[in-house]
Amino acid sequence: MIRRLEIDGVPTLLAASSGPPRAGLTFRVGSADETLARRGITHLLEHLALVRLGLADHDVNGETNALFTTFHTQAGEDDIAGFLTAVCENLHNPPVARIEVEKQILRTEWNGRGAAAVPLWRHGARDYGLSSYPEFGLPAITEADLRRWAAHWFTRQNAVLWIAGDRVPDGLRLPLPHGERRPVPKASSALPQTPAYFAGGTNAVVLDAVVRHRTAAAVFAGVLERELYRSLRQEDGLSYTATAGYESRGDGQAVVRALADALPEKQDAVLGGVVDSLATMRVGRIMENDLAAVVAQRTTILNAAEVHAARLPAVAASLLTGEPIRSVEEIRAELATVSLADLHEVAQEVAASALLMVPAGLDAQWAGFTPAPVHSEESVSGSVHRTHDGEGELVIGEEGVTLLGPESTQTVRFAATAALLVWPDGARHLIGEDAISVRIEPTLLAPQPDVVNRVDARVPVERRVEMPARPPEEIPQPPPRPNLLARSVTGLREGLSALIAWLSVVMFDVERGGKP
């Protein structure tokens with residue numbers, strides 16, 4: 001069983017474990033609580049809290065995701081107590097001398113990890129969509145920013161301690177300030193309608209859907225994985241990885257996400273296989289043995305001796321978000337009642353909210369998926385500035401900026417600007433909350449000295465992100481102006497050649513008695 005306690009005002013969960021003691025301190029804060037202009041502040045604070053503990057002779061670590069930041073360790077009781085106490089102290093008194101070093105480490109970590117594009121396309125450049133973006137905010141974050149963030153989010157009321165062991169370690173203290181429990185952010189949407197699709201830059205097909213959080217939906221994800229694995233790998237040999245997962249979003253909704261990889265020459269077949277698998281389940285053609293297998297697997301996990309200790313992180317998350325916490329017995333009973341009709345209902349939810357990422361060059365309109373928007377539906381009115389190549393126009397108005405190209409319109413309104421990236425050479429990159437962006441390169445515009453100043457004056461300063469100077473070779477330059485004399489001579493030569501060729505045809509026709 002999981003016992004509920006309280007230590008220094010922090011809700012605490014305790015479950016017996018036969019293995020080495022382990023513990024974690026979870027806070028209800030993550031990247032979804034940030035803004036794009038300060039993206040990375042939670043991750044940076046997590047790193048700083050662990051700096052002084054990085055050379056411990058036992059397992060210590062931290063993790064930041066969209067909704068939670070967790071510090072965890074597996075060690076003896078004295079080491080657990082010392083670790084958790086030190087983390088709380090470091091969060092509110094971070095090692096200032098390490099700030100710039102940790103920023104560099106985080107930039108390196110991001111370059112090695114990359115990001116999934118799906119959240120950006122579903123949510124835009126805000127809340128849950130921020131996980132798709134680099135940590136743009138790192139350069140501008142100061143010690144004062146970190147202290148304010150810690151005081152707001154890393155508090156007693158916004159934390160849960162969990163311990164897998166026989167008892168609470170002696171001497172454990174959690175010196176955290178008073179605060180408030182912070183609700184999960186409201187999920188935004190950048191999709192006018194679903195089901196929708198977009199073309200990604202990978203060789204995989206990804207299916208993403210939002211459904212009501214419940215046991216039947218979690219079982220559905222397991223059944224979908226079996227269907228994809230059987231059809232794409234075992235039967236057709238199209239994919240190596242065919243998997244599906246389920247994750248609660250903390251607001252009564254959950255995300256079902258499936259992935260199937262493909263060789264370049266098999267991408268269209270894999271896309272068709274994923275669409276067919278979903279369509280099969282949506283019309284209710286779900287195999288009884290798949291349902292039984294998934295229920296049996298999950299029941300086996302619930303029957304494990306260490307199940308209560310294993311559930312501690314998940315129960316802590318539910319306690320922080322306010323979602324109902326069910327006992328093992330309740331979950332086991334719910335699993336036993338999941339039916340094919342329940343899975344059919346979930347499949348219809350998945351199909352209705354689906355977002356597909358397809359490999360570049362493919363589309364899913366044939367399957368009833370609408371293209372996710374890549375352009376803006378409207379433009380602003382204002383002064384017009386032509387590009388040097390004459391193929392585009394930049395419009396700067398009182399409400400925003402529009403870039404008019406031969407085949408697209410991109411508009412970012414100042415009031416809905418998620419971030420303004422600023423380069424010393426004058427370049428500006430406006431990213432809208434809907435993820436549509438406009439890039440301004442002064443070197444590619446006809447001389448307009450007030451363009452940059454007008455943009456800077458209208459975007460709130462807290463959304464401004466200073467970017468490092470670019471090497472000269474990375475600054476785009478206008479195409480070279482043609483040599484008019486050379487162009488005239490070339491044109492004359494081309495004209496003479498054409499005239500000679502025409503005359504040759506005419507003479508040939510005359511010699512044959514034809515009509516010139």
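The stops below run from the whole chain to single residues.

**Ground rules**

This is a predicted model, in which local features need pLDDT of at least 70, side-chain atom pairs count only at pLDDT 80 or more, and totals for chains, interfaces and linings use all residues. Residues are numbered from 1 along each chain as its sequence is written, and side-chain values use heavy atoms, with hydrogens and water left out.

**Whole chain**

Colour by secondary structure. The chain has 14 helices and 20 strands. Helices (H or I, at least four residues) and strands (E, at least two) are DSSP runs, numbered from the N terminus. Of the 516 residues, 47% count as buried. Buried means under 20% relative accessible area, exposed means over 50%, and partly exposed lies in between (1.4 Å probe, protein chains only). Take the contacts between residues at least 6 apart in sequence: 73% of them join residues at least 24 apart. A contact means heavy atoms within 4.5 Å.

**The largest nonpolar core**

Select L207, V219, F220, L224, V274 and L356. These residues have the most contacts inside the largest nonpolar core, which has 48 residues. Such a core is a set of buried Ala, Val, Leu, Ile, Met, Phe, Trp, Tyr and Cys residues joined through side-chain atoms within 4.5 Å. Which helix gives the largest share of this core? Helix α6 (residues 215–235) does, with nine residues. In soluble globular proteins, nonpolar side chains tend to be buried together.

Centre on L207. Leaving out residues up to four places away in sequence, L207 touches L224, V256, R257, A258, V274, L278, V350, A354, L355 and L356.

Move to V256, in strand β10 (residues 253–261). V256 counts as buried, at 2% relative accessibility. Beyond its neighbours within four places in sequence, the contacts of V256 include L207, D208, A209, V211, F220 and L224. Draw a distance to A209: the two C-alpha atoms are separated by 5.2 Å, yet V256 and A209 are 47 residues apart along the chain.

**Crossed helices**

Show helix α1 (residues 41–50) and helix α5 (residues 143–153). Two packed helices are described by the angle between their axes and the distance between the axes. How do the axes of α1 and α5 cross? They come within 10 Å and cross at roughly 90 degrees. That makes α1 roughly perpendicular to α5. Axes are lines fitted to C-alpha atoms, for helices over the stretch in contact, with angles running from 0 to 180 degrees between N-to-C directions. Angles under 35 degrees count as roughly parallel, over 145 as roughly antiparallel, 65 to 115 as roughly perpendicular and the rest as oblique. Now show the side chains: I41, T42, L44, L45 and L48 of α1 meet D145, L146, W149 and A150 of α5.

**Rings**

How many aromatic pairs does a search of the whole structure find? It finds four. Select W121 and F198, a stacked pair at 4.4 Å centre to centre, with 10 degrees between the planes. W121 lies in helix α4 (residues 118–123) and F198 in strand β7 (residues 196–200), so the pair ties together parts 77 residues apart in sequence. Rings of Phe, Tyr and Trp (its six-membered ring) pair if their centres lie within 6.5 Å; planes under 30 degrees apart count as stacked, over 60 as edge-to-face and the rest as tilted. F198 is buried, at 3% relative accessible area. Next, select F27, F71 and F154, which form one aromatic cluster.

Jump to W423. The charged end of R439 sits over its ring, 4.6 Å from the centre. R470 also lies over the face of W423, at 5.4 Å from the ring centre. The test: NZ of Lys or CZ of Arg within 6 Å of the ring centre and within 35 degrees of the ring normal.

Most residues other than glycine have a negative phi, and most peptide bonds are trans. Select T194 and P195: the peptide bond between them is cis, with omega near 5 degrees. P195 is in the loop between β6 (159–164) and β7.

Go to D8, in the loop between β1 (2–7) and β2 (10–15). Phi of D8 is positive, near 50 degrees. D8 is partly exposed, at 36% relative accessible area.

Finish at A435, in the loop between β18 (428–432) and β19 (437–440). A435 has a positive phi of about 80 degrees. At 21% relative accessibility, A435 counts as partly exposed.
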